[in-house]
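This briefing walks a new reader through the pockets, the cavity and the nonpolar cores of one model. Please look over the sequence and structure first.

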Amino acid sequence: MAIELIAIDMDGTLLNPQHEVTPAVKQALAAARKLGVQVVLATGRPFIGVKRYLEELDLQQQDCYCITNNGALVQHADDGRCFAEVTLTFADYLYFEALSRQLGVGFHALTQSDLYTANADISPYSIHEAYLTGIPLRFRTPQQMDPALTFPKVMMVDKPERLDQAVSQIPDEIRSRYTIMKSAPYYLEILDKRVNKGEGVKVLAEKLGIARENVMTLGDQENDIAMLEYAGLGVAMGNAIDSVKAISQFVTKSNREDGVAYAVEKFVLNR
């Protein structure tokens with residue numbers, strides 16, 4: 001197996017707990033690129049929350065790509081132009097905004113440029129998302145929103161125990177019509193049924209003419225499972241949740257211990 005594409009989750013995987021790319025990880029990815037390997041960040045974050053790291057890793061190039069919003073958008077890394085996107089409609093937004101109120105949890109929705117919440121008492125988890133990614137946070141009631149807007153994803157956000165209770169009450173019919181998964185204990189992500197990181201990686205690999213057996217993916221949370229299952233080599237972080245470890249071919253070290261570097265050295269550089 002010759003790895004030609006490495007798709008890497010960001011939070012909990014590429015980044016250490018301080019949201020940093022460590023020197024060891026940076027060095028390993030640079031070495032892989034020198035061998036001609038395509039390095040792709042595949043994240044739940046919007047593009048604005050990825051740009052800083054693309055620059056830091058020297059991936060903001062015309063021939064580089066990133067997968068954002070959990071696969072809803074596949075974008076050129078230099079300027080964020082989309083060559084593949086699947087988004088939710090305004091009607092989807094209205095349904096889930098109302099459902100979140102009914103279930104008693106916070107809610108926000110992302111466009112390509114902004115994060116919107118209709119919660120007058122803005123959730124600290126919405127504030128955290130805006131702070132972490134740098135995306136502007138805007139308060140708008142549903143009546144104040146532009147019906148022409150589309151959304152890569154919407155999210156229910158709350159304390160883990162409250163969110164888990166809400167998740168258990170989402171109708172089965174709705175679960176079957178959308179991709180619904182957690183990206184963190186306090187974030188429930190809702191996307192078009194066709195969207196997940198696995199589909200995003202597949203679209204990109206096919207565009208680049210790379211067979212799935214030559215793809216390596218790394219992740220730690222539920223929203224990474226689809227791309228770990230798609231890849232010829234799915235690698236779970238040492239800090240990954242158990243369900244991620246269970247479907248992966250290899251478990252590397254944690255994000256505190258340069259786990260990405262360890263896996264890249266083992267499966268790419270040492271071969």
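Helix H4 is the top contributor to the lining of the largest pocket, giving three residues. The model is predicted. In it, the largest pocket holds about 430 Å³ of space, and the second largest pocket holds about 190 Å³.

**Largest pocket**
- The lining has 25 residues, and those closest to the pocket centre are Asp11, Leu132, Ser183, Ala184 and Tyr186.
- By class, the lining of the largest pocket has ten polar, nine charged and six nonpolar residues.

**Second largest pocket**
- Its lining includes Gln18, His19, Glu20, Arg45, Ile48 and Gly49.
- Arg52, Tyr53, His128, Tyr131, Leu132 and Thr133 also line the second largest pocket.
- H2 and H4 are the elements that give two or more residues to this lining.
- H4 gives the most here, with four residues.
- The classes in this lining are five polar, four nonpolar and three charged residues.

**Cavity**
- The model has one cavity of 30 Å³ or more.
- The largest cavity holds about 40 Å³ of space.
- Thr13, Leu14, Leu15, Asn16, Thr22 and Val25 are among the residues that line the largest cavity.
- Asn255, Asp258, Gly259 and Val260 also belong to that lining.
- Five of the lining residues are polar, four are nonpolar and one is charged.

- In soluble globular proteins, nonpolar side chains tend to be buried together.
- The largest nonpolar core has 40 residues, of which Ile6, Leu14, Leu29, Leu41, Met216 and Val264 touch the most other members.
- Strands that give two or more residues to this core are E1 (5-8), E2 (38-42), E12 (215-219) and E13 (233-236).
- Helices that do so are H1 (23-34), H2 (51-56), H8 (225-230) and H10 (259-269).
- H10 provides the largest share of this core, six residues.
- Which residues does Met216 touch, not counting those up to four places away in sequence? They are Ile3, Leu5, Ile6, Ala7, Ala231, Leu233, Val235, Ala263, Val264, Phe267 and Val268.
- Another core lies apart from the largest one, and its 23 residues include Phe90, Leu99, Phe107 and Met156.

Definitions and conventions: Residues numbered from 1 in each chain as written. Predicted model: local features only at pLDDT ≥ 70, side-chain atom pairs only at ≥ 80, totals over all residues. Heavy atoms only, no water. 1 Å grid on protein atoms, 1.4 Å probe; cavity = no way out; pocket = protein on both sides within 12 Å on 5 of 7 lines; lining within 4 Å. Points joined across faces, edges and corners; volume = space filled by probe spheres on them. Nonpolar A, V, L, I, M, F, W, Y, C, P; charged D, E, K, R; others polar. Core = buried A, V, L, I, M, F, W, Y, C linked by side-chain atoms within 4.5 Å. Buried < 20%, exposed > 50% of the residue type's maximum accessible area, 1.4 Å probe, protein only. Contact = heavy atoms within 4.5 Å.
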